[in-house]
Amino acid sequence: MTPANNIANDTTNYDETCPLLRTTSNAHNAEAQIAEKPKSTPLPKAQLAALCIVRLVEPITFTQLFPYVNEFMSDLHLTDDPSKIGFYSGLVESAFAISQLCSIYQWARLSDVIGRRPVIFLGIIGLVITTLMFGLSKSLASVLVARCLGGLFSGNIAVIHSVLGEITDSTNQMVAFPIYGLAWPIGSIIGPLMGGAFSHPASKYPEILGYQFLKDYPYFLPCFIASTFAIIGIFLGFIFLEETLPSKRKDKKSVSPNASADGDSVTTAPALPEKPLSVSKLLSVPIISALALSGFMLSYIGTSFDVVFVLFCYSPIKSGGLAFSASQIGYSLAIAGAIGAAIQLCIMSYLLRTFDAAKIYCFCMSLWPYTFLVLPVLNIIARAGLDETTGELGTTAVAFLWVGIAFVLLLTKAACVAYGVSMILTKENAPNAASLGQSNGLVQFTMCFARSFAPFVVSALFATSLEYNLLGGYLWLVIMIMISFLGMTTSRKIKQNSVKTIG
């Protein structure tokens, strides 16, 4: 056949987009590039939405008490020294975290047996009851009992993380995880605003809410509203959230990944189920042990900042704080939630698509020392703008103070991106699919372990620093900066052992 015949028989459409020279190797290279880039799996939108609603319950019930917890402890007349209030509020938070620590791994193991849905709903029902108990408490003992029980029921957080891992894969997690990550910052906007606005409602809104019951139980209303949110979460989750544990799914057929372009798939026999690894074997995996250790440091530092920030805002200006009211503390925490939501919505997905997850994690951990360093500057601004005669801050000082608060909370929420990235790293580095629940449970266990004593330790350190004027009342600051640098150092082991999520 002549070249002319070859050209005549060639059915390729030639236009300005066609290269002048064609080679067989180029065609093969193009096909190889296409084959290397997997198609993104469609997100199960209804499942993800239901999971986000369920996830929203915990931050609302957890953060709604932050604005008024110090005031609550003061109303119980536990001490006449305002500087010691932080000791009791830290004790309340530690009680919650210790109980959560005792239950988190057990919930994870139970969910691997009976399924994710029953464990999630049981935990939320328990949160409803214990939140109402907290609002009806009239003594430190009843407050601690309510918080301990609340911690036991909120230990299902690792189960919720496992559901997210089971409904996503590496091709769509860059979209799913930031959306899921919005639940906590949104909840931490709603919760503090609710707590600050509706604590002592009879005195704040006497015409509408001046009932004797609300006078006797001034902290019941925010707890009741938070419980109502939780009940709505149970209802919507029950309708839309499906079981994701492979052994409990209704359709257990496995689908071949080599599906045809028109949607046909090859149905094969179910694969033999993998067995989850024991705790000792999980800890022998370098990346899992690194995630657990760094998760402990992250949780300790993050929890300590949350506690000390509220104490810092509540303390008198002359004692090194800002002398904020419960409403002002609520606004501050709501700002923090809004900043966190903006980061998740606008930046997180881009970061995950552009940078390796381990590098993002290490960068976030490096921000923590600077978040603590900015706090004394806020007190300097408040001292400079304080009118000694009226005891009020000037307009200019208030403006600079809120700008400074927004800046330090921006740093904090950028550092808190590490929490979401930790979930991705755990999912990507789990030894096998059957061990995902226990891997999440182990990492969350170490985080809860840090949360179990961080509030008590940092609040006691804060109170001691002020009471004895240690390092000018800033001994707590020096220690927290040192711990933050230690946390930054431990995070490097993750980068050394993690699989790459980009490139």
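# Close-up views of a predicted structure

Figure 1. The model shown here and in the following views is a predicted one. Ser 162 belongs to helix H8. When residues up to four places away in sequence are set aside, Ser 162 touches Arg 116, Leu 436, Gly 437 and Asn 440. One of these contacts, Arg 116, is taken up again in the next view.

**Figure 2. A network of salt bridges links Asp 112, Arg 116 and Glu 166.** Asp 112 and Arg 116 form a salt bridge in which the closest N and O atoms are 2.7 Å apart. Both of these residues are buried. Arg 116 also forms a salt bridge with Glu 166, and here the closest N and O atoms lie 2.5 Å apart. Arg 116 is in helix H6 and Glu 166 is in helix H8 (residues 157–167), so this pair ties together parts that are 50 residues apart in sequence. Glu 166, like Arg 116, is buried. Side chains of opposite charge can pair when their charged atoms come close. In total, the structure holds five salt bridges.

Figure 3. The relative accessible area of Gln 47 is 9%, so Gln 47 is buried. Leaving aside neighbours within four places in sequence, Gln 47 is in contact with Ile 167, Phe 240, Leu 241, Glu 242 and Thr 244.

**Figure 4. Helix H14 covers residues 220–240.** This helix has 21 residues, and at 1.5 Å a residue it should span 30 Å. The C-alpha atoms at its ends are 30 Å apart, in agreement with that expectation. The buried residues of H14 are Phe 220, Leu 221, Pro 222, Cys 223, Ala 226, Ser 227, Ala 230, Gly 233, Ile 234 and Gly 237. These buried residues pack against several other helices, namely H3 (45–63), H6, H10 (183–198), H11 (201–204), H12 (206–209) and H13 (212–216).

**Figure 5. Phe 72 and Phe 134 form an edge-to-face aromatic pair.** A search of the whole structure finds 22 aromatic pairs. In the pair formed by Phe 72 and Phe 134, the ring centres are 5.4 Å apart and the planes stand at 80 degrees to each other. The pair links distant parts of the chain, with Phe 72 in helix H4 (residues 69–75) and Phe 134 in helix H6, 62 residues apart. Phe 72 is buried, at 3% relative accessibility. Phe 134 is buried as well, with a relative accessible area of 3%.

**Figure 6. Tyr 300 and Phe 453 form a tilted aromatic pair.** The ring centres of Tyr 300 and Phe 453 are 5.6 Å apart and their planes lie at 40 degrees, so the pair is described as tilted. This pair too links distant parts of the chain: Tyr 300 is in helix H16 (residues 286–314) and Phe 453 in helix H22 (residues 436–467), 153 residues apart. Tyr 300 counts as buried at 9% relative accessibility, whereas Phe 453 is partly exposed, with a relative accessible area of 28%.

**Figure 7. Four aromatic residues form a cluster.** Ring pairs link Phe 62, Phe 66, Phe 96 and Trp 184. A pair of aromatic rings is described by the distance of the centres and the angle of the planes.

**Figure 8. A nonpolar patch lies on the surface.** The patch is formed by Ile 125, Ile 129, Met 133, Val 145, Leu 149 and Leu 152, which together have about 450 Å² of accessible area. Helix H6 (116–135) and helix H7 (140–153) each supply at least two of the patch residues. Leu 149 is located in helix H7. With a relative accessibility of 30%, Leu 149 counts as partly exposed.

Notes:
Residues are numbered from 1 along each chain as its sequence is written. This is a predicted model: local features need pLDDT of at least 70, side-chain atom pairs count only at pLDDT 80 or more; totals for chains, interfaces and linings use all residues. Side-chain values use heavy atoms; hydrogens and water are left out. Patches are made of residues with over 30% relative accessible area and no salt bridge: like charges are joined within 9 Å, nonpolar side chains (Val, Leu, Ile, Met, Phe, Trp, Tyr) within 5 Å. Accessible areas come from the Shrake-Rupley method with a 1.4 Å probe; for residues, only the protein chains shown count as cover. A salt bridge is a side-chain nitrogen of Lys or Arg within 4 Å of a carboxyl oxygen of Asp or Glu. Helices (H or I, at least four residues) and strands (E, at least two) are DSSP runs, numbered from the N terminus. Buried means under 20% relative accessible area, exposed over 50%, partly exposed in between (1.4 Å probe, protein chains only). The expected span of a helix is 1.5 Å times one less than its number of residues. Contact means heavy atoms within 4.5 Å. Rings of Phe, Tyr and Trp (its six-membered ring) pair if their centres lie within 6.5 Å; planes under 30 degrees apart count as stacked, over 60 as edge-to-face and the rest as tilted.
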